[in-house]
Amino acid sequence: MGISGRFSGMPGAALAPAAAFGSLAVPGRTAARSPDVRLRRVAATGTRPKPHDGYPCPMVTSRAPEDAYTAEPFVPSRGGLPALRRAAADCRGCPLHRDATQTVFGAGSTDARVMLVGEQPGDQEDRQGKPFVGPAGKLLDRALAEAGVDPGEVYVTNAVKHFKFTRAEPRKRRIHKAPSLRETTACAPWLAAELAVVEPELIVVLGATAGKALLGSSFRVTQVRGTVLEEEIHGRPERLVPTVHPSAVLRADDREAAYRGLVADLRTAADTLG
Ligand code: SF4
């Protein structure tokens with residue numbers, strides 16, 4: 001089969017033979033410049049001609065970084081938490097950055113013994129740029145204190161670093177919307193980087209989304225809450241204690257019972273830390 005036969009039926013088939021023949025150009029001979037030649041160069045190199053070249057813009061679509069659904073290219077290979085935080089502020093690893101106010105990176109000491117991982121920032125967190133500063137965060141602070149977890153030994157973060165929300169109508173209250181698996185997976189390199197820098201002795205998993213991000217899609221918080229799990233997470237052996245997300249306590253019919261359950265799970269975490 002000839003070259004044109006092999007390429008026929010493929011996207012951009014009319015351009016492919018031209019790209020394939022590019023290496024057969026006679027040294028010293030310059031092809032006549034025409035819009036067609038320009039299109040061939042685009043097909044071969046993916047480079048879009050500059051507007052001042054005077055040729056009509058070819059039908060080439062460029063992919064935005066967020067279309068790739070991964071934060072990987074934005075994560076610096078060196079530097080501690082400050083470098084990660086700075087870089088995360090410009091992350092375009094998925095479309096969630098478009099509507100949110102800002103990236104909400106983790107907070108706490110590099111030497112923290114325990115890392116608490118939630119789902120995503122809420123409305124208040126999105127406005128203030130800090131994790132767990134809204135009503136759920138205040139409830140979590142109270143539960144941690146009651147369980148005997150030292151706030152100075154805690155690093156708090158989320159599986160997803162941008163707020164995802166819907167609005168019933170323009171200018172109405174923003175309503176939390178759970179991130180998709182694709183968005184959670186896209187954001188995973190940030191969580192992996194935080195774990196690599198902080199190296200916590202224990203991870204407290206707050207709710208189903210954080211659990212699925214760390215332990216896979218079969219995670220069920222009701223089945224494992226309050227237990228100590230040992231799993232390899234992002235290449236490191238980790239101990240984890242899953243529990244409910246504090247916002248689930250705020251939504252519970254029996255809020256007092258739900259709160260007692262959260263404190264009991266956090267006590268397991270405190271006991272594990274010793
Ligand atoms: S949610 Fe995560 S991956 Fe998506 S843009 Fe924000 S920081 Fe990047």
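How do the axes of helix 7 and helix 8 cross, and within what distance do they come? They come within 10 Å and cross at roughly 75°. That makes helix 7 roughly perpendicular to helix 8. Axes here are lines fitted to C-alpha atoms, for helices over the stretch in contact, with angles running from 0 to 180 degrees between N-to-C directions. Angles under 35 degrees count as roughly parallel, over 145 as roughly antiparallel, 65 to 115 as roughly perpendicular, and the rest as oblique.

## Model and overall make-up

This is a predicted model: local features need pLDDT of at least 70, side-chain atom pairs count only at pLDDT 80 or more, and totals for chains, interfaces and linings use all residues. Residues are numbered from 1 along each chain as its sequence is written.

The protein chain has 11 helices and 8 strands. Helices (H or I, at least four residues) and strands (E, at least two) are DSSP runs, numbered from the N terminus. Buried residues make up 31% of the 274 residues. A residue is buried if 20 or more other C-beta atoms lie within 10 Å of its own, exposed if 12 or fewer, and partly exposed in between, with C-beta atoms placed from the backbone. Among contacts between residues at least 6 apart in sequence, 66% join residues at least 24 apart. Contact requires C-beta atoms, placed from the backbone, within 7 Å.

## Helix 8 and its cover

Helix 8 (residues 208-215) has 6 of its 8 residues buried, so it is largely enclosed by the rest of the structure. The buried residues are Thr209, Ala210, Gly211, Lys212, Ala213 and Leu214. Their cover includes strand 2 (114-118), helix 7, strand 6 (202-206), helix 9 (221-224), strand 7 and strand 8 (236-243).

On the helix 7 side, Thr184, Ala188 and Leu191 meet Thr209, Lys212 and Ala213 of helix 8. By class, this contact has 3 nonpolar, 2 polar and 1 charged residues. Ala, Val, Leu, Ile, Met, Phe, Trp, Tyr, Cys and Pro count as nonpolar, Asp, Glu, Lys and Arg as charged, and the others, Gly among them, as polar. Glycine 216 follows helix 8, with a positive phi near 100°.

## Ligand shell

The ligand is surrounded by 16 residues. The closest are Cys91, Gly93, Cys94, His162 and Cys187. A residue counts as near if its C-beta atom, placed from the backbone, lies within 6 Å. Helix 7 (residues 181-198) gives the most to this shell, with 4 residues. The shell divides into 9 nonpolar, 4 polar and 3 charged.

## Helix 6 against helix 11

The axes of helix 6 (residues 135-147) and helix 11 (residues 255-273) come within 8 Å and cross at roughly 50°. That makes helix 6 oblique to helix 11. Helix 6 contributes Ala143, Leu144, Glu146 and Ala147 to the contact, and helix 11 contributes Tyr259, Leu262, Val263, Leu266, Arg267 and Ala270. These residues divide into 8 nonpolar, no polar and 2 charged.

Most residues other than glycine have a negative phi. Glutamate 199 has a positive phi, near 45°. Glutamate 199 sits in the loop between helix 7 and strand 6. Histidine 234 also has a positive phi, near 50°. Its place is the loop between strand 7 and strand 8. Histidine 234 is partly exposed, with 14 other C-beta atoms within 10 Å.

Glutamate 232 lies in strand 7 (residues 229-233). Glutamate 232 is exposed, with 8 other C-beta atoms within 10 Å.

Conventions. Contact = placed C-beta atoms within 7 Å.
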